[in-house]
Amino acid sequence: MLKIDNLHAEIDGKKILNGLSLTVPAGEVHAIMGPNGAGKSTLAYVLGGRPGYEVTQGSVEFNGVDLLDLEPHERAAAGLFLGFQYPVEIPGVSNLQFLREALNSQRKARGQEPLTGGEFLKLAKDKAGLLKLDPEMLKRHVNVGFSGGEKKRAEMVQMGILDPKFAVLDETDSGLDIDALRVVGEGINAIMRAPDKAVLLITHYQRLLEVVKPDKVSILSQGRIVQTGGPELALRLESEGYDAVMAA
Amino acid sequence: MNSVIELPTRREEAWRYSRVERLQGENLDDWRIIDIAEGESFRDTLLIADGPDTRPTELHRWRVTVGEGARCELFAVLSSAEYARLEIEVTLKQGAHFELGGITVGGRETVREFVTRVVHAEPEATSNQTVRSVHWGHGTGNFLGNIDVVRHAQKTDAAQDFKGLLLEKGASVNAVPQLEIFADDVKCAHGASVGQLDETARFYMGARGLSPDLARRLLVQAFLGDALVAWDDEGARQAMMQVALDKVDKAL
């Protein structure tokens with residue numbers, strides 16, 4: 001589904017990714033862990049196509065398409081979802097308007113009919129319910145005045161509404177309390193656990209992986225994948241730390 | 001017989017950023033007089049939009065007196081003409097309220113501006129002015145806002161808020177808030193800022209599937225929305241907003 005090969009990327013001339021290779025087939029949840037500054041968020045942004053993140057070498061293939069050739073909105077229409085570590089506030093634009101425009105833009109790009117107002121509202125309420133987010137919050141401006149936890153829930157509501165094929169979730173667990181972590185984790189399972197979908201789950205902690213059980217865990221360090229294993233690798237990292245595991 | 005008119009110069013603050021050469025042939029003494037009687041409510045709009053009746057210079061000068069406890073609401077969108085100017089002089093009596101929501105949009109070499117002088121002539125009057133300007137090309141948007149609070153106009157509450165959004169290098173906005181306050185128990189707030197589109201927000205919107213054009217449209221709509229938020233007639237408000245947004249879409 002997603003095949004990253006020898007990816008090199010830099011920001012303002014500073015090399016961050018140094019030959020990163022990773023394959024995530026359909027049906028897999030692949031956790032990426034790594035120390036601060038390893039390049040985890042850069043990987044997420046490069047996959048999302050953020051301006052300023054320059055790919056200097058390598059390739060990313062998504063369902064047979066050259067992902068790096070697409071604009072951010074084309075990547076979204078192709079089925080990629082990027083869950084932001086710091087969701088962006090957009091004053092003056094309501095969640096409902098934003099998401100309806102977003103969903104219908106994606107549907108249009110895929111040659112599907114747009115959802116009517118009523119159909120969209122029902123979908124949005126269903127997904128807000130799944131994430132235990134007060135549907136009234138969808139009337140508010142995008143992420144404005146939301147707490148850290150509410151922003152992360154709102155991200156997952158967005159993911160539920162947009163129903164992507166592949167989600168790159170960048171520290172979706174940060175800022176969540178224990179109960180919210182479970183709700184968000186179960187939301188990820190409900191939305192993304194399917195044979196034709198896959199998830200790249202970037203996280204610092206084992207806690208989220210107790211709810212969203214990964215099929216594989218990779219360690220990202222200094223811009224490349226240095227080790228890949230099963231869920232037990234995350235447990236080892238939690239108890240022994242990055243230095244010890246990577247030195248072994 | 002043609003009368004010789006004396007054009008203002010840019011030395012005069014009220015004409016400082018204007019295209020004074022465009023005033024040739026205009027009647028500068030032509031003021032529309034609006035008197036709002038005690039306790040009455042008045043609302044009017046001005047829409048300068050592309051159309052056969054729009055002249056290269058659109059000069060509108062309104063002189064408004066708002067009677068005791070009366071209310072005046074003016075909403076204006078200046079989106080056409082080489083030079084469009086709405087100049088408003090307002091005198092507020094006791095407990096009166098003045099509301100202005102203004103939008104300027106424009107590119108090329110156009111100049112679109114609001115020039116206001118709000119005189120709080122008696123106590124307990126309130127005023128609120130919100131102007132939003134979106135410009136590109138070498139377009140210019142101006143807001144020169146004067147608030148005068150006379151010596152005995154205690155409990156005045158006046159606010160003035162301007163924001164400019166520049167979509168391209170070369171465009172400009174000028175904000176000149178001028179507050180002259182001679183009473184000591186008053187609230188007078190003013191704010192002015194200039195910026196460009198939030199690229200982080202644009203990327204976020206792109207990552208959710210919105211094309212760059214649609215993302216810009218939503219951001220511009222949100223930005224301009226502040227100016228008309230006090231207008232409770234949603235249909236009319238959206239129609240005016242549509243004119244401004246279409247102008248931006250057509251140009252970029």
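**Conventions.** I number residues from 1 along each chain as its sequence is written, and chains are lettered from A and ligands numbered from 1 in the order in which they are written. For this predicted model, local features need pLDDT of at least 70 and side-chain atom pairs count only at pLDDT 80 or more, while totals for chains, interfaces and linings use all residues.

**Chain A.** I looked up the elements and found 9 helices and 12 strands; helices (H or I, at least four residues) and strands (E, at least two) are DSSP runs numbered from the N terminus. Of the 248 residues of chain A, 44% are buried, that is, 20 or more other C-beta atoms, placed from the backbone, lie within 10 Å of the residue's own. The C-alpha trace spans about 55 × 40 × 35 Å along its principal axes. The radius of gyration of chain A is 18 Å, which agrees with the value near 18 Å for a compact globule of 248 residues; it is taken over C-alpha atoms, and the globule rule is 2.2 Å times the number of residues to the power 0.38.

**Two helices of chain A.** I checked α3 (residues 95–109) against α5 (residues 148–162) in chain A: their axes come within 10 Å and cross at roughly 35 degrees. The axes are lines fitted to C-alpha atoms over the stretch in contact, and angles run from 0 to 180 degrees between N-to-C directions. Residues in contact have C-beta atoms, placed from the backbone, within 7 Å. Among those making this contact are Leu99(A) and Leu103(A) of α3(A), and Ile161(A) and Leu162(A) of α5(A). The residues of this contact divide into 6 nonpolar, 3 polar and no charged. Here Ala, Val, Leu, Ile, Met, Phe, Trp, Tyr, Cys and Pro count as nonpolar, Asp, Glu, Lys and Arg as charged, and the others, Gly among them, as polar.

**Chain B.** I found 3 helices and 12 strands. Of the 252 residues of chain B, 39% count as buried. Its C-alpha trace spans about 55 × 50 × 35 Å along the principal axes.

**Where the chains meet.** I noted 16 residues from chain B and 21 residues from chain A in the contact. On the side of chain B that touches chain A, α1 (199–207) and α2 (212–228) each give two or more residues. The largest share, 7 residues, comes from α1(B). By class, this side of chain B has 9 nonpolar, 5 polar and 2 charged residues.

Definitions and conventions: Two residues are in contact if their C-beta atoms, placed from the backbone, lie within 7 Å. A residue is buried if 20 or more other C-beta atoms lie within 10 Å of its own, exposed if 12 or fewer, and partly exposed in between; C-beta atoms are placed from the backbone.
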